[in-house]
Amino acid sequence: LGGRRLDLTPGEFALLVRLVSHRGRVFARAADERTVDVQIAKLRQKLGDWSAHIETVRGIGYRIVD
């Protein structure tokens, strides 16, 4: 990211790939699925300023926005 290496877990990487490859579409999570919330929180922390591109769609899930 910006020329620096990001150390992501396999789950974080898979989630980021899914979000980016379906830019603008909401990645829905099951109501009882907290794993995705934790991975999103960790991704936001690791992505720094770029994390503003991950939008929470309340009650549904997450998506990447421009």
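Guide: Helices are DSSP runs of H or I with at least four residues, strands are DSSP runs of E with at least two, and both are numbered from the N terminus. The model is predicted: local features need pLDDT of at least 70, side-chain atom pairs count only at pLDDT 80 or more, and totals for chains, interfaces and linings use all residues. Residues are numbered from 1 along each chain as its sequence is written, and side-chain values use heavy atoms, without hydrogens or water.

Visitor: In what order do the elements of the protein run from the N terminus on?

Guide: Start with the count. The protein has two helices and three strands. Read from the N terminus, their order is α-β-α-β-β.

Visitor: What does the C-alpha trace of the protein span along its principal axes?

Guide: The chain to picture here has 66 residues. Follow its C-alpha trace along the principal axes, and the span is about 35 × 25 × 20 Å.

Visitor: What percentage of the residues of the protein count as buried?

Guide: Buried means under 20% relative accessible area, with a 1.4 Å probe and protein chains only. Of the 66 residues of the protein, the buried share is 26%.

Visitor: Which share of the contacts with a separation of 6 or more comes from residues 24 or more positions apart?

Guide: A contact means heavy atoms within 4.5 Å. Take the contacts in the protein with a separation of 6 or more. Residues 24 or more positions apart account for 59%.

Visitor: Is E12 buried or exposed?

Guide: Find E12 in helix α1, which covers residues 10-21. The relative accessible area of E12 is 2%, so E12 is buried.

Visitor: With which side chain does E12 make a polar contact of 2.7 Å?

Guide: A polar contact is a pair of N or O atoms within 3.5 Å; within protein, one must be able to donate a hydrogen and the other to accept it, and residues adjacent in sequence count only if both atoms are side-chain atoms. Leave out residues up to four places away in sequence, and E12 touches D7, Q39, K42, L43 and K46. The side chain joined to that of E12 by the 2.7 Å contact is K46.

Visitor: Which residues does L15 touch, not counting residues up to four places away in sequence?

Guide: L15 is also a helix α1 residue. Its relative accessibility is 5%, so L15 counts as buried. Beyond four places away in sequence, L15 touches F27, V36, Q39, I40 and L43.

Visitor: What distance separates the C-alpha atoms of L15 and Y62?

Guide: Look along the chain first. L15 and Y62 are 47 residues apart there.

Key
Buried < 20%, exposed > 50% of the residue type's maximum accessible area, 1.4 Å probe, protein only.
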